[in-house]
Amino acid sequence: MGQAPDVTDAPAENRYEARLEGALAGIAQYIRTSELIAFVHTEVETRYEGQGIGGALVKASLDEARAAGIAVLAVCPFYSGWIARHPEYQDLLYENKSRVSD
């Protein structure tokens, strides 16, 4: 990866944004509550693919989730795959504690 992207939360858009020199390079869309953030879609602009933009989005957003003390639901395959390869983030994953059964 060349230059590191600037990753910021854009809560009005329900997404994290990665920018390089001001240009939108990628997004990670989410649904958020006070106790849980579900990452549902990640997209990197074609011209920025293969430059670590997706990984930067995941790492920054998971670091913020950890700091806020909220669990993560990795609906997006990119997120779930990234977390599977980085065990130091697996403790953030949401676990259903419901005892309800049919």
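Predicted model: local features only at pLDDT ≥ 70, side-chain atom pairs only at ≥ 80, totals over all residues.
Residues are numbered from 1 along each chain as its sequence is written, and side-chain values rest on heavy atoms, with hydrogens and water left out. Local features need pLDDT of at least 70, side-chain atom pairs count only at pLDDT 80 or more, and totals for chains, interfaces and linings use all residues.

Helices (H or I, at least four residues) and strands (E, at least two) are DSSP runs, numbered from the N terminus. Strand pairing is assigned if DSSP finds at least two bridges between two strands. On one side of the pairing scheme, β2 is joined to β1 (residues 6-10) by five bridges, and the two run antiparallel; Asp 6 has Arg 19 of β2 as its bridge partner. Antiparallel pairing also links β2 to β3, through six bridges, and here Arg 19 stands opposite Leu 24 of β3.

Most residues other than glycine have a negative phi. In the hairpin of β1 and β2, with four residues between the strands, the phi of Asn 14 is positive, near 55 degrees. Asn 14 is not a glycine, and its relative accessible area of 41% makes it partly exposed. The hairpin of β2 and β3 has two residues between its strands, and Glu 21 in the turn shows a positive phi of about 50 degrees. Glu 21 is likewise a residue other than glycine; with a relative accessible area of 72%, Glu 21 is exposed.

How are the buried residues of helix α2 arranged around its axis? The buried residues of this helix (residues 77-85) are Tyr 79, Trp 82 and Ile 83. They cover an arc of only 95 degrees around the axis, which puts them on the same side of α2; the arc is that of the directions from the helix axis to the C-beta atoms. An α-helix has 3.6 residues a turn, so residues three or four places apart point the same way. On the other side of α2, the exposed residues are Pro 77, Ala 84 and Arg 85. Packing partners of the buried residues of α2 are β3 (23-32), β4 (36-44), α1 (53-68) and β5 (71-74), where contact means heavy atoms within 4.5 Å.

Gly 55, placed in helix α1, touches Phe 78 and Trp 82, not counting residues up to four places away in sequence. The C-alpha atoms of Gly 55 and Trp 82 are 7.4 Å apart, although the two residues are 27 residues apart in sequence. Thr 42 belongs to strand β4 and counts as buried at 16% relative accessibility. Leaving aside neighbours within four places in sequence, the contacts of Thr 42 include Leu 57, Phe 78 and Tyr 79.

Rings of Phe, Tyr and Trp (its six-membered ring) pair if their centres lie within 6.5 Å, with planes under 30 degrees apart counted as stacked, over 60 as edge-to-face and the rest as tilted. By this rule there are five aromatic pairs. One of them, Phe 39 with Tyr 79, is stacked, at 4.2 Å centre to centre and 5 degrees between the planes. Phe 39 lies in strand β4 and Tyr 79 in helix α2, so the pair ties together parts that are 40 residues apart in sequence.

Notes. Buried < 20%, exposed > 50% of the residue type's maximum accessible area, 1.4 Å probe, protein only.
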